[in-house]
Amino acid sequence: MRSRYHAGVSTKKTPGMRVKELRDLLERANRAYYVDAAPIMADAEFDKLLAELGQLERDDPDLDDPESPTHRVGGQPIEGFETVEHAAPMLSIDNSYSREDVIEWHGRVLRGLGLDEKAALGGRAGLFGGGAAPNDAMPELVCDAKIDGVAISIRYEDGKLAQAVTRGDGVRGDDVTANIRTIRSLPLRLSGKAGEKIPEVLEVRGEVYMPLSVFGSINRQREADRLELYANPRNSAAGTLKNLDPGEVSRRRLGFAAHGRGEVSDEGFAPSHGGFVEKMKSLGVPVNPLRCRTRLIGEVLRTIDGFAAERHGMEYMTDGMVVRVDSFALQERLGRTSKSPRWVMAYKYPAERKTTRLIRVDAQVGKTGKITPRAVMEPVLLAGTTVRHATLHNYGRVRDAETEQPGVRTAIHLGDLVMVEKAGEVIPYVAGVVLGERPQGCEPVEAPTRCPECGGPVEIEPAEAEATPALETQRRCINPECPAQVREKLIWFAGRRQMDIEGLGEKTVDLIRSEAVGKIPLNSFADIFRLGRYREELLSLDRMGEKKVDNLLEGIEAAKGRGLARVLASLGIRHVGESTAKALAKRFVDIDALLEADEPELRPKAMTKDEARAYGLPEDPAERTSTELGVNTAPVVHAYLHSRPARQMFEDLRAEGVGLRSREFAKAAAGGGEAKAFSNKTVVITGTLETFGRDELKAMLEGMGAKVSGSVSSKTDLVIAGEKAGSKLDKARELNVETWDEARLLKELGR
Ligand SMILES: [Zn+2]
């Protein structure tokens, strides 16, 4: 087999032939390496052949092909991710945490299939597979490891990788195709055995993960660069998938393992989960291997136990075992609840718990003044990472912590042996104290009575939704000028999901606020936009070269145009997050309109009939556009907006040129005529438009009640096609979907 792909250059070959040969060879090598775990060439040789292919494609652009392996190294940075509807919803799986849960689930499956549970099990011997032979009437079960990664649906059309979408809310996710294409183990084109038929549409679901070795080396580099470390491999895989630069994604070397199916156009493609996974593997897709196939639930339990230790030696993080009914026909009969399928269940291993010594407890002040105790401990290896810090949640839990003795609680003391857990979650936490190991003469941890940062007064308030409310309390610094709070607010404001100010991270904020005290003011949001006046002073700071300063100032300039919703969501107003800010921006055209609004106008859904009439809005609450603020929260937001400092802040931001107009505002809020044309319609935007940015138009149409989708299907009501519209327009024509060009769109919008 190998000699067929001998890499030598023959003089008789045309470049086109050589290109094809190289592509085959490189894909073959990828597959051998990632899918079959049997490499056929050294890395250096692979890189050399890849370089040769790249050169041939550059020499003759006609030979280039988006499916070529050279494109895996990542193309141009992308602008953002479109939201796309899944062809079949991506449901979540129910979790269970004990053997009893697993046995109960199995009982429900048997009853659901109309089997007599006891007869089918054949007594205890049947349950644990001791003596009795497995009953043929029992459904076959299959198990595979639950990979702690990011769930993705990958769609192949005519054997080519067409689209990759994150789970999102299960119904709609983000189109991350450009980034998924950089995953070397994933074939861009499926290749079956000769004569094997590949379904026209084949959606495979699986988990994108960051190999633990890659995770370790990235964090070592970040440590060297004095950047904040990533908390765990799942988060960095998720973060990587949302990176706008596919080139960077390619360098992160993500992995993929298939574990399920989405839409498949050929009904007879595979009759069962195990069969589907086998087929995918034979088509070159890396799969999550089955760990057992059995009719006995006892065998499933044994597999779960056996994997408990083995799982730590995997290339990826796993936190459990997925058990499912193998046959698709039986899966269908069992159906689903409103939340999740009945034929599958995930057993989750208990959180790993380690003990270590508590050295001290730091008090950290957050952007709302909340003071959180953080444990500093002797380093301990926990679920694959070294842990030195852990949260203690709040001082209530410090005063009243669990111990190793059931029912006994104690205040945490300095020097205590503490139990640390990380339940597959981001931040490790202190679960309790080993009372029997407490050294003599150590002191309990004291809660601060003054703010540890500014010395200001501290307020104690009951924590929200805690198990023992009498004891769980939060402490908050109530000094609005508290430097720690100002710091946190500035960092939050500049963050990626808020104003997204390139170059203004935690380190830079600290640098300016500590080294340039008195030289460069940075105490308010408006101060950020005044930094341009201090270019010379910024250049004099340690580690701030010309390029870094220019990047920072450009980032600040760019942030001025983010629009009202982003500004509102970035200010750290209580009860106003991303979605509420967007909802407000849909109703109010700019900050002035918002500031003029009375309190009832902020909660239109919760208005009384009289109020609705007074504001000229429909009496039926269902017909009013929501701002997501309720009766309790609207007064808080209203009071904030009308406070003197807030008004001053908006004035200052405006004076510095920060845009406070809404990008989401639509006449729909007032019930304008043109809105009706889009209400409840599923719209796809494709190609380049002259009048609108794509995001802008999407926001506007959504404001008028449209659902904007990323792909054309039979459910699409309307396609808006700009210049250079490609395959989506073709598909729309094929499906007879109504199509508008830009001129028609403008006419419909009354422009
Ligand atoms: Zn303070």
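## A network of salt bridges

In this predicted model, a network of salt bridges links Arg155, Glu157, Glu203, Arg205 and Glu263. A salt bridge here is a side-chain nitrogen of Lys or Arg within 4 Å of a carboxyl oxygen of Asp or Glu. The search of the whole structure finds 46 salt bridges.

## How the model was read

Residues are numbered from 1 along each chain as its sequence is written, and side-chain values use heavy atoms, with hydrogens and water left out. Because the model is predicted, local features need pLDDT of at least 70 and side-chain atom pairs count only at pLDDT 80 or more, while totals for chains, interfaces and linings use all residues.

Glu57 and Arg23 form a salt bridge whose closest N and O atoms are 2.9 Å apart. This pair links distant parts of the chain: Glu57 belongs to helix H2 (residues 43-59) and Arg23 to helix H1 (residues 15-34), with the two residues 34 apart. Helices (H or I, at least four residues) and strands (E, at least two) are DSSP runs, numbered from the N terminus. Glu57 is buried, at 6% relative accessible area, and Arg23 is buried at 16%. Buried means under 20% relative accessible area, exposed over 50%, and partly exposed in between (1.4 Å probe, protein chains only).

A salt bridge also joins the side chains of Arg293 and Asp326, at 2.6 Å from N to O. Here too the pair links distant parts of the chain, 33 residues apart: Arg293 is in strand S9 (residues 290-294), and Asp326 is in the loop between strand S10 (318-325) and helix H12 (328-334). Arg293 is partly exposed, with a relative accessible area of 42%, whereas Asp326 is buried at 4%.

Arg302 and Glu299 meet through their side chains in a salt bridge of 2.9 Å, N to O. Both residues lie in helix H11 (residues 297-310), three residues apart, which is about one turn of the helix. An α-helix has 3.6 residues a turn, so residues three or four places apart point the same way. Arg302 is partly exposed at 46% relative accessible area, and Glu299 is partly exposed at 28%.

## The buried face of helix H8

Which residues of helix H8 (residues 233-241) are buried? They are Pro233, Ser236, Ala237, Thr240 and Leu241. Seen down the axis of H8, these buried residues fall within an arc of 140 degrees, so they line one face of the helix. The arc is taken from the directions from the helix axis to the C-beta atoms.
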